Amino acid sequence: DGHFPVQGIAVTIYGHALPFQRIELVEAGHPVPDQNSVAASIKLLETVRQVRQGDLVIFLLSGGASALLADVPAECSLAEVQELFEALLKSGADIREMNTVRKHLSGIKGGQLAKSIYPATLYTLVLSDVVGDDLSVIGSGPTVPDPTTFADTMAILRKYHLPEKISARLLQHIENGLAGEIPDTPKPGDPHFRQLHNHLAGTNRLALEAAADKARALGFHTQVLSAGINGEADTVANTLIRQALDYKG
């Protein structure tokens, strides 16, 4: 109604731009970040630095934000980070492992965005793409306390034999974190989360239940098998098909 000044920034993947009037829009790379991802992170941090106590920040978060909001350690290049995450994608690392690494190469992820916004009030509305809906994992948890550490990050890299395959500068950054020369991400109980409210607005289970309700209304015999399946897509699909063929409901 014009009484409250509104400003903001939205980040999405290429080809998904919408016409905004007071919100700046950036299209960026996914699943591997690109230079626009870095530019989006810079613009986001510039925006939140303007908020003050008494301001209200609404942050809409969905899966994909880990790549769309990508920043790079000061001493490293985007190409080095892209190389690391391409290697992680090929390694078989799961989403929790990938996002643990992402958090410790970032100044936004792992609760650090919320830390930058404090003491303004922050409401985060989350669309989950993670089995189990762990808020610290979705989009690398930019507004959620981070229980993971630099030690966890190094353990993941060693698990997939990556220390010898990534750049020396990235490896040095993580080793500096291990040595306490770089602050770790803010942990549960950190006072910067006092004005924070995180809400799950959409989950896999909610979508499944809504689809099941509609199917029943259309006259189908419907059963939700699971909202928590993990594994290789082709293997899981074959299992679900066998269960569907055997269904006696």
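Q: What counts as a polar contact here?
A: A pair of N or O atoms within 3.5 Å. Within protein, one must be able to donate a hydrogen and the other to accept it, and residues adjacent in sequence count only if both atoms are side-chain atoms.

Q: Ok, which side chain does Asp 213 make one with?
A: The side chain of Arg 216, at 3.3 Å.

Q: What kind of model is this?
A: Predicted: local features need pLDDT of at least 70, side-chain atom pairs count only at pLDDT 80 or more, and totals for chains, interfaces and linings use all residues. Residues are numbered from 1 along each chain as its sequence is written, and side-chain values use heavy atoms, with hydrogens and water left out.

Q: Where does Asp 213 lie?
A: In helix H8, residues 204–217. Helices here are DSSP runs (H or I, at least four residues), strands are E runs of at least two, and both are numbered from the N terminus.

Q: And how far apart in space are Asp 213 and Gln 223?
A: 9.9 Å, C-alpha to C-alpha. In sequence they are 10 residues apart.

Q: New topic. How many helices and strands does the chain have?
A: Nine helices and five strands.

Q: How much of the chain is buried?
A: Buried residues (under 20% relative accessible area, 1.4 Å probe, protein chains only) make up 40% of the 249 residues.

Q: What does the C-alpha trace span?
A: About 60 × 55 × 40 Å along its principal axes.

Definitions and conventions. Buried < 20%, exposed > 50% of the residue type's maximum accessible area, 1.4 Å probe, protein only.
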